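Here is a short note for a colleague meeting this structure for the first time. Please keep the model open while reading the points below.

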Amino acid sequence: MRELYILSILVLLTVIRSQLVVQEANFTSLTNVYAPKTITCPPNTSLIRRADSLSIAEKLYIKSRQRRTHKELIKLLKSLNIPSLNVDTLFKPNVPRSVNVGISVSGGGYRSMLTAAGVLSAFDSRDPGTSELAGLLQATSYIAGVSGGSWLLSSLITNDFKPVVDMKNQIWNFEMPLLEGLSWLERYADNEGRNNPKQVLGGGNMRKRELELHNLWFKNISMSSSLSAKVRSYLLETQEQYHKTLNPKISVTESQELKMKISATSKVKDNAFSSFLKRLFNKGQDTDKGLLHTPKNVDDFSVLNYYLNLHLEVRSKKLAGFQLSLTDYWGRALMRRISPDGPRSMNFTFSEIYSLPSFHSSEQPFPILLADIFQGSRNHSSIDSHVLEINPFEIGSWEPYMKAYMKLRYLGSTLIRGEPVFYSKGSTPVCVENYDNLGFLTAASSSLFNCIFWYLSEAVQKQSPDTYAAFTRIFDTFGLSPLKPDSYGNHSDYALINPNPFLGYPSMDDEISSSSSLHLVDGGEDKQNIPFVPLLWEKRQVDVIITVDSSSDIGGYPNGTTLVATNRRFNQSAKIQNPTVYYRHQNDSASETPTQHSIFPVVPSYEEIVQKGLNKRPTFFGCHLDKSFPLTGLNNTSADIKNLRLPPLIVYLANTLSSFASNTSTFKLSYNRDEISKMIQNGHDIGTCSHSMAFEDYPKCLGCALLKREFDKKTRGMESIVKDKATLPKYCKRCFAKYCYS
C-alpha cells in the first residue's frame, strides 16, 4: 500500500513533466522575472557589517517614521481620555523621538493571519468601524511576523499597506485552497489538540505532529491491486521518457502534436491512467479515502496544470544557475493566494519596498520577517536555536551566534569573508540581485508546503531501490535535491539560500560560517512562535511589544508556551549569552550604580497561564522593573549612562473565542468569505477586548501601558520625553494592578 502511494506521486510528477515539454517553447517569456541576475557590486561598500548598531537605512526610516508616530500617539491618547492625564502638557516640546511601539504576530497559518488582521483593523484609524484604539497602528514603529504572521505582513506590503477592510473586500479570496488538490489535509489536521481541548500541551513538537499526519495518510489510502499493477505498468513505460526530455528541444509542430496527445489522453475515461487519476484524486466522493481530493466541479488536469505553472515560473531560477528548494514552489503558491492579481506580488523583492509610496513616506511600520537556521545534527531547542531576521534592508541576526547583517538586495551573491568572489573584466566585482523574492522569503518563514514533501521523503526512503531511484531522478528533473542531502549537504525540504552570504565570515558560529548554504526552516519550529527576538534588540529601543499569539497549543488556542520558551531562551541559555540591559532601580539617585538585568520578563508556566485565564484576556508582562526582570549580574560601575536601557513591556493578546470559534487548524487551506469576516471580527474583538464588560477599561489601560516606560525612565534619571513634573495618573496605577502579571 505504501509503495502504491509512492507510485501515485511518481505518476503525478510524470504527467506534469510531460506537459512541461509542451509548454517549453513559451517558457522564457513567462518566467524569467523570477530568476536572480548579475549586476556590478556597489563600489566601496561592504556587503556585510557587524551588528553593533542599526543600519543607516533603518535609522533614517525610524527617525522619519517617529515624526509621524508621535503625532498619532498624541491623537490616540487624547481620544482615550485617560482620567487626570493632560496630553497637551504631557510631553516635552520638539522631542526627537516617540514612544517606540512594536507589534509581534505569531505563526499559525491563515488562523494567525486573519486573527492578527482583525487586531490591526482595530488599531487602524483608516478603518471605518468604531474602535477606541484606532490610531495605534499609525503610532507603531515596528511590526514583526513569523510563519502565518509573515503572510499578513507580506500581503499588506505588496498591496502598499492597504487597510485590512480594503484587503478583505478587494484582495483576499481564500476560497481556493493554498495548495490545490490537497484539501484532504484539513480533514486530518485535528491532531493539533483541538479534539482534546482539556489537554495542556507544552507546545507540541511540530515534526511529531507531521509524522502523525503522515501515518494517517497511508492508513486512509485505498486502491485496488489491479489498479496497482496498471500504475506500475504505466510507470515503467514512462520512466525511460524522462531521460529523453530532461533538456527538451522540440519544434512547434512537435509541441502541438504532443499537446494533442495529452489532450486526447485526458478525455479517455477507461484507460489505466484516467482510472488511476479518479482514484488518486478521489473524484466526486465525500470520503476520507484517497490521497488527493478534488470537488466534482474541479478538473483533475487543472490541478496538474496548477503545479505545472508553478514549475514553469520557478525553473528560470535554476536555469540562471541557482539551486532550487521546494520553498521556491511554495512561495509562488502562497503569493497566489495572499496577494493575487498583479506582477508586483509575484515578482516583488523585499528590498524593492522603497518603491512603495507608503514605505517611501514612512506611513507603515518597519516590517521584519523571521525564520530559523537549520542546525543539522546538532541538538537544539528554543533556548539556543539560530533565529534569522529579514528586513527590507538586511538579513542576519544581532545575537552572538551571528552578530552580523548582510545587505538584502545583494542576497545570492557569492561572498567569502564578506567580499565578492567573482569579477568581470578583471577588476569589477560581480553581485546578484532579485534573489530576495518576497514570496520566497515569506515561504522560508512558513514551511507548511515543505512538510508535505517531508512526509513523502520519509516514506520513499523505505521503499525498494528501484522506486527510490526513480523518485530521486524525477525530483532531479524538477531541479530539487535528492531526498537525502546531496554532496553539498542540501535538503529539498528546507528553504535553501545558496550561496551562503556568511561563508567564512569571522567571529560567527562555525556551523554557519563553514557551510556553503543556509538552510532555513519554519520560524515557529523552535517554539519561538512569536517573533520577539528582533524587537528585543536593545539598539532598537522598543518600549512596548504588543503580541498577537495565535499558536495552537491547547484546543487550537495558545497557552503561552512561546512566552515560556522565550523566557528560557533569555534567562537560561549559555549559547545566547543572556543579553542584558542596565538600569537603576526606582528612586535611586544619579550616583547609584546601574544593575544588570535580563531583557525578557518573568512569565508564569503555561499551566498557570491557563489556570488563571491569562490566555483569554489581555495581560501585561514586565510592568515592575525592580522585580519582573531577573538580576543577571552585579552592579556595573563601568556602565555608561548614555547606554542605560529599559527592557520593553509586553502586552500579550491571545487568540480566544470572542464572537467566533477561531481555533481553526493551521492546515486549513481555504476559508469562505463568511469565515474570513468572522475571523477578522473575532480578532478585532480581541484587539479591543470589547467582548467582555469586565475589561471595558482595557483601551484606556493600554494607553497607560504605552506611556509606562517613559515614566519609568523619568523616575530612574534617564532621558524621557515626558516633562519632569508629569506624574502617572492614579487611574493608570489601577490599570497596572488589574492587567499586570506579578
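1. Start with a cut-off. A residue is called buried under 20% relative accessible area, exposed over 50%, and partly exposed in between. Glu538 has a relative accessible area of 26%, so Glu538 is partly exposed. Please remember that this is a predicted model.

2. Glu538 has a charged partner. Its side chain meets that of Arg645 in a salt bridge, at 3.6 Å from N to O. The pair joins distant parts of the chain, 107 residues apart. Glu538 sits in the loop between β14 (518–521) and β15 (544–549). Arg645 sits in the loop between β19 (631–633) and β20. Side chains of opposite charge can pair when their charged atoms come close.

3. How many salt bridges does a search of the whole structure find? The count is 26.

4. Are they buried or exposed, or partly exposed? Lys678 is partly exposed, at 37% relative accessible area. Asp674 is partly exposed too, at 44%.

5. Lys708 is buried, with a relative accessible area of 10%. Asp712 is buried as well, at 8%. Both belong to a network of salt bridges that also links Asp626, Arg709 and Arg716.

6. Now the second largest pocket. About 780 Å³ of space lies in it. Its lining counts 34 residues, and the closest to its centre are Arg97, Lys539, Arg540, Gln541 and Arg645. Arg645 is also the salt-bridge partner of Glu538. Helix α3 (residues 56–80) gives the largest share of the lining, four residues.

7. The structure also holds five cavities of 30 Å³ or more. The second largest cavity has about 60 Å³ of space. Which strand gives the largest share of its lining? Strand β20 (residues 649–654) does, with three residues. The lining residues include Lys616, Arg617, Tyr652, Leu653, Cys689 and His691. By class, the lining divides into six nonpolar, two polar and two charged residues.

8. Ser147 lies in the loop between β4 (142–146) and α5. Its phi is positive, near 55 degrees, though Ser147 is a residue other than glycine. At 8% relative accessibility, Ser147 counts as buried. Just after α5, Asp160 takes a positive phi of about 60 degrees.

9. Asn81 also deserves a glance. It is not a glycine, yet has a positive phi of about 55 degrees. Asn81 is in the loop between α3 and β3 (101–105). It is exposed, with a relative accessible area of 58%.

10. Two prolines come next. The peptide bond from Asn498 to Pro499 is cis, with omega near 10 degrees. Pro499 lies in the loop between β13 (495–497) and α19 (510–513). Pro601 is in the loop between β17 (595–598) and α21 (606–611). It is buried, at 0% relative accessibility. The C-alpha atoms of Pro601 and Phe629 are separated by 4.7 Å, with the two residues 28 apart along the chain.

11. Ile416, Val421 and Phe422 make a nonpolar patch of about 240 Å². Val421 lies in the loop between β10 (419–420) and β11 (423–424). It is partly exposed, at 33% relative accessible area.

Conventions: Residues numbered from 1 in each chain as written. Predicted model: local features only at pLDDT ≥ 70, side-chain atom pairs only at ≥ 80, totals over all residues. Heavy atoms only, no water. Patch = residues over 30% accessible without salt bridge, like charges linked within 9 Å, V, L, I, M, F, W, Y side chains within 5 Å. Areas by Shrake-Rupley, 256 points an atom, 1.4 Å probe, with all protein chains shown as cover. Salt bridge = Lys/Arg side-chain N within 4 Å of Asp/Glu carboxyl O. Helix = DSSP H or I, 4+ residues; strand = E, 2+ residues; numbered from the N terminus. Buried < 20%, exposed > 50% of the residue type's maximum accessible area, 1.4 Å probe, protein only. 1 Å grid on protein atoms, 1.4 Å probe; cavity = no way out; pocket = protein on both sides within 12 Å on 5 of 7 lines; lining within 4 Å. Points joined across faces, edges and corners; volume = space filled by probe spheres on them. Nonpolar A, V, L, I, M, F, W, Y, C, P; charged D, E, K, R; others polar.
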